Each structure stands twice: as C-alpha cells, then as structure tokens.
Amino acid sequence: MEQVVGEIVVDPEDERRAAFEVLAREQLPRLYGLARRLTNHGTEDLVQECLLKAYRSFDTLRFTEAGPAWIQQILVNGFRDRLRKEARSVQEVGVEEIDHISLYRTIAEEDPFPYSDTLHGDFLAAFGNEDVRAVLMRLPEIYRAPLVLRYMEGFATKEIARMMDTPLGTTLARLHRGRKLFEREMWAYAEEAGLLDAKEAP
Amino acid sequence: MTERAIPCSDAVSQLWDYLDKVLSPEDQALVEGHLAFCRRCCGELEFAKELRSFLASSVVDEVPPDVKERLERFVDEL
C-alpha cells in the first residue's frame, strides 16, 4: 500500500528494497571475508546464497541495527548446511594424538631465530594475512569453523554451538582440537613456506 | 595455591579455555593456582594471549574489485 507523504508517494516495497541494498552493500566485505575464512571453495556462491536468503527473509529482521549479525548468521547457516550436504565423514582427531602439541615450546626448543630477543613474537610476525589463511585451510572444516568464529569473528562459544547446531560440549572439544591443530600446522607451514629462513643474522 | 595442584600438562591444555572463561569455577581456580607458581606455564599463557590477538588482527575484509562488481550486480538483480 502506498503512503502519501506531502507530495511524495512512498512505496513500502521500494523502501524495503532500498534498506536491504544498504545492508547488503555495507556487509559485502565482511561476508566475503568471513566466507573466505570458513572455506576455500565456492566462496562467492556462499555469499550469493546468503544474499538471496537474506533478501527473501528480510521482513523477519525487526531492528536495522541487528542487520549485520543477522546476515552473518545466514552466511554461517549456509556454510553449515553445505557441510551437512557434502556429508563427508570427517574423522574426529583423538585428543591424545594432539594434546602434547605446544607451539610455544616448539618455538623455544627449535629456536628458529637465534639472534632474536623476542622469539615468539618474531615467529608470529613472519606470517602475513594470506599465510594465516593458508594455515587455516589445512584444518578440517569441522575444526576450522569454530576457531574462525571464536577467535577471528569474536562469537561466544555458546553462540557458536547454536550457529553450528552442535552441543556445547562438542563445540568446546572441537575448539580445543582446532587450536592444537592450528598450532601444529603453523609450525609445519612456517617450515614449508620458508618463513623461518627470513631472518638473517645481524 | 589451591587445595589440589595440577601438572603443567593439564594447565597448558586448559589455558585457552581459562582465557575464554569456559572452565568450571573449580578448574578455573586450579589453573590460576598453577599459574601463580609456574613460570613456564606463564610463558605459555602469554603466548596464548599473543596468538589470540594475532588471529583477531589477521582478519581482512576486502573484496577484489571483480568479485565486488559481480556481487553488487547480484544484489541489484535480486
């Protein structure tokens, strides 16, 4: 139904569409970035599916300020559904296989930069943003997703359990394993990519 | 120190959960009690904090121009 405001005729459907476009355009970098952290295939498709679902259910968004979190949740839902559809049987990593891993200790013991006074900080500084993504992509998705959502996107563990539709205990266990695997893969990647050779003796 | 001590391996495996404050109050206290006297685990704790900040600061939300153009066109055509 059209409303007449002064001489201007405002179509609610046009208003709705305009509001959606503002939200979608504002959130594009965030959605694309999030999708790239979650997966290394079909990233753009994931964002498109998210935009389509968000557009179709835009009426359910009651408060504009909740828009960013709402649309990110739609993207995570899409990612979760895709994981289910692909139905790959992912072998859960046994905690005993990885619990001994400590990147802190490995760096101290291997001492990759013997002239450094800030060994651990220098190790992290050797990684660019794309290196971090490459390490994340070495993790099975079931471990990568909680790690990304917790420590890169800042969601609380309870929210992650709800978003991924997994019990809180499973979410916490996967976070724990994800962190250990991330530490292991950071060291392995640094060795393979030559990041540890970067520092010359003074 | 708390009534029960825990070994370094237990403290280290719970450090991130300790920082996330998702441990039970008893376990939270046990880790804290361990950290009060174990210098090596304090090093692990500091590194865990560094690694968390490092992950948070690695977030880049940029869209390559060609992808941005395609996605914006997609929004227009919805």
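The model is predicted, so local features need pLDDT of at least 70 and side-chain atom pairs count only at pLDDT 80 or more, while totals for chains, interfaces and linings use all residues. Residues are numbered from 1 along each chain as its sequence is written, and chains are lettered from A and ligands numbered from 1 in the order in which they are written.

**Interface between chains A and B**

- In chain A, 27 residues are in contact with 26 residues of chain B, a contact being two residues whose C-beta atoms, placed from the backbone, lie within 7 Å.
- At least two residues each of the side of chain A that touches chain B come from α1 (12–38), α2 (43–56), α6 (119–125), α7 (129–137), α8 (141–152) and α10 (168–192) of chain A, where helices are DSSP runs of H or I with at least four residues, strands are runs of E with at least two, and both are numbered from the N terminus.
- The largest share of this side of chain A, eight residues, is supplied by α1(A).

**Helix α1 of chain A**

- In α1(A) there is a kink of about 50 degrees at A:Gln27, shortly before the proline A:Pro29; the bend is the angle between axes fitted to the seven residues ending at a residue and the seven starting there.
- The buried residues of α1(A) include A:Phe20, A:Leu23, A:Gln27, A:Tyr32, A:Arg36 and A:Arg37, with buried meaning that 20 or more other C-beta atoms, placed from the backbone, lie within 10 Å of the residue's own.
- Among the elements covering these buried residues are α2, α3 (67–86), α7 and α8 of chain A, together with α5 (65–77) of chain B.

**Domains of chain A**

- Chain A is divided into domain 1 (3–86) and domain 2 (95–197), with bounds from an automatic or database domain assignment.
- The centres of domain 1 and domain 2 of chain A, taken over C-alpha atoms, are 30 Å apart.
- Between these domains, 11 residues of domain 1 of chain A are in contact with 11 residues of domain 2 of chain A, and α3(A) gives the largest share of the domain 1 side, five residues.

**Form of chain B**

- Chain B has five helices and zero strands, and its C-alpha trace spans about 65 × 25 × 15 Å along its principal axes.
- Of the 78 residues in chain B, 21% are buried.
- Residues 24 or more positions apart account for 66% of the contacts in chain B with a separation of 6 or more.

Note on methods. A residue is buried if 20 or more other C-beta atoms lie within 10 Å of its own, exposed if 12 or fewer, and partly exposed in between; C-beta atoms are placed from the backbone.
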